[in-house]
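Work through each task before you turn to its solution.

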Amino acid sequence: MSIILRIAHIVSLISKPFYLPLLGIAALFLFSILKILPWQYRVLVIVMVWGCTVMLPTLIISLYHKTQGMKMFRFVQKEKRVVPYAISIICYFLCYWLLTLINAHHTIKSVLVAALMVQMVCAIINIWWKISAHTAAIGSFLGGLVAFSYIFVFNPIWWICVILFVGGIVGTCRMILRQHTLGEVVGGYCVGFIGALLTILLL
């Protein structure tokens with residue numbers, strides 16, 4: 001395997017869509033007014049979100065693939081992406097329910113709702129078109145950043161540049177691995193950006 005393919009595999013691995021809610025909420029705890037919340041509460045939320053949106057879907061999807069004899073995270077055909085989408089959506093609903101039980105701040109839940117909405121839109125689009133969930137996640141992060149820059153009134157230009165750069169790398173890697181076409185990569189980015197932006201602003 002060439003060095004370029006190895007790098008592409010690593011980038012795809014560390015940019016799994018599952019990490020979107022976790023990174024978004026962690027960013028809120030570090031850079032927004034929510035950083036004044038007690039550290040115990042922030043740790044509880046982070047652990048809860050990690051368990052429901054990263055660990056749980058990863059384990060369930062891994063078990064599902066073992067029973068089907070498929071390789072993990074190699075969804076070449078859109079038909080094979082239906083069950084993983086369904087599993088992740090259910091796990092996101094579970095996370096939202098748990099956050100509601102602990103009376104999580106509205107802003108925290110808005111990140112999860114935005115991620116959930118993007119997942120559901122991608123799942124629906126996947127019926128006809130194998131849109132990129134990786135770039136949808138990056139696009140969602142950008143959409144969330146723009147939305148929160150409006151809500152909290154700050155200049156996000158440098159962060160926007162960083163996210164656009166990262167998104168370009170992730171999209172390129174997905175095409176190098178022949179998991180997606182350029183249209184699927186760009187489509188995913190647009191769906192993620194618009195979905196997260198509108199969801200957070202309208203909630």
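Helices here are DSSP runs of H or I with at least four residues, while strands are runs of E with at least two, and both are numbered from the N terminus. The model is predicted, so local features need pLDDT of at least 70 and side-chain atom pairs count only at pLDDT 80 or more, whereas totals for chains, interfaces and linings use all residues. Residues are numbered from 1 along each chain as its sequence is written, and side-chain values use heavy atoms, with hydrogens and water left out.

**Exercise 1. Helix 5 and Thr 107**

Determine how far apart the end C-alpha atoms of helix 5 are, and whether Thr 107 is buried or exposed.

Solution. Begin with the expected span of a helix, which is 1.5 Å times one less than its number of residues. For the 20 residues of helix 5 this gives 28 Å, and the end C-alpha atoms are 28 Å apart, in agreement. Next, take the burial classes: buried means under 20% relative accessible area, exposed means over 50%, and partly exposed lies in between, with a 1.4 Å probe and protein chains only. Because 14 of its 20 residues are buried, helix 5 is largely enclosed by the rest of the structure. Thr 107 is found in this helix, and its relative accessible area of 9% makes it buried. Finally, look along the chain: Thr 107 and Leu 34 are separated by 73 residues in sequence, yet their C-alpha atoms are 8.8 Å apart in space.

**Exercise 2. Helix 2 and the largest pocket**

Find which helix gives the most to the lining of the largest pocket, and state where Gly 24 lies.

Solution. Grid points are joined across faces, edges and corners, and a volume is the space filled by probe spheres set on the points. The largest pocket has a volume of about 860 Å³. Of its 33 lining residues, those closest to the centre are Leu 23, Gly 24, Ala 27, Phe 141 and Ile 163. Helix 2 gives the most to this lining, with nine residues. Gly 24 lies in helix 2 and counts as buried at 14% relative accessibility. Between Gly 24 and Ile 108 there are 84 residues of sequence separation, but a C-alpha to C-alpha distance of 8.7 Å.

**Exercise 3. Helix 4 and the largest cavity**

Identify which helices each supply at least two residues of the lining of the largest cavity.

Solution. The count comes to one cavity of 30 Å³ or more, and the largest cavity has a volume of about 80 Å³. Its lining includes Leu 20, Tyr 85, Tyr 92, Val 118 and Ser 140, and helix 4, helix 5 and helix 6 each supply at least two residues. Turning to helix 4 (residues 82-101), its 20 residues reach 29 Å from first C-alpha to last, close to the 28 Å expected. Tyr 85 and Tyr 92 are among the buried residues of helix 4. After this helix comes Asn 103, with a positive phi near 55°.

**Exercise 4. Two loops**

Which loops hold Val 153 and Arg 178?

Solution. Val 153 is found in the loop between helix 6 and helix 7, and Arg 178 in the loop between helix 7 and helix 8. Although Val 153 is not a glycine, its phi is positive, about 60°; likewise Arg 178, a residue other than glycine, has a positive phi near 60°. Val 153 is exposed, with a relative accessible area of 68%, and Arg 178 counts as exposed at 75% relative accessibility.

Notes. On a 1 Å grid over the protein atoms alone, a cavity is a set of points where a 1.4 Å probe fits but cannot get out, and a pocket is an open set with protein on both sides within 12 Å along at least five of seven lines; lining residues have an atom within 4 Å of a point.
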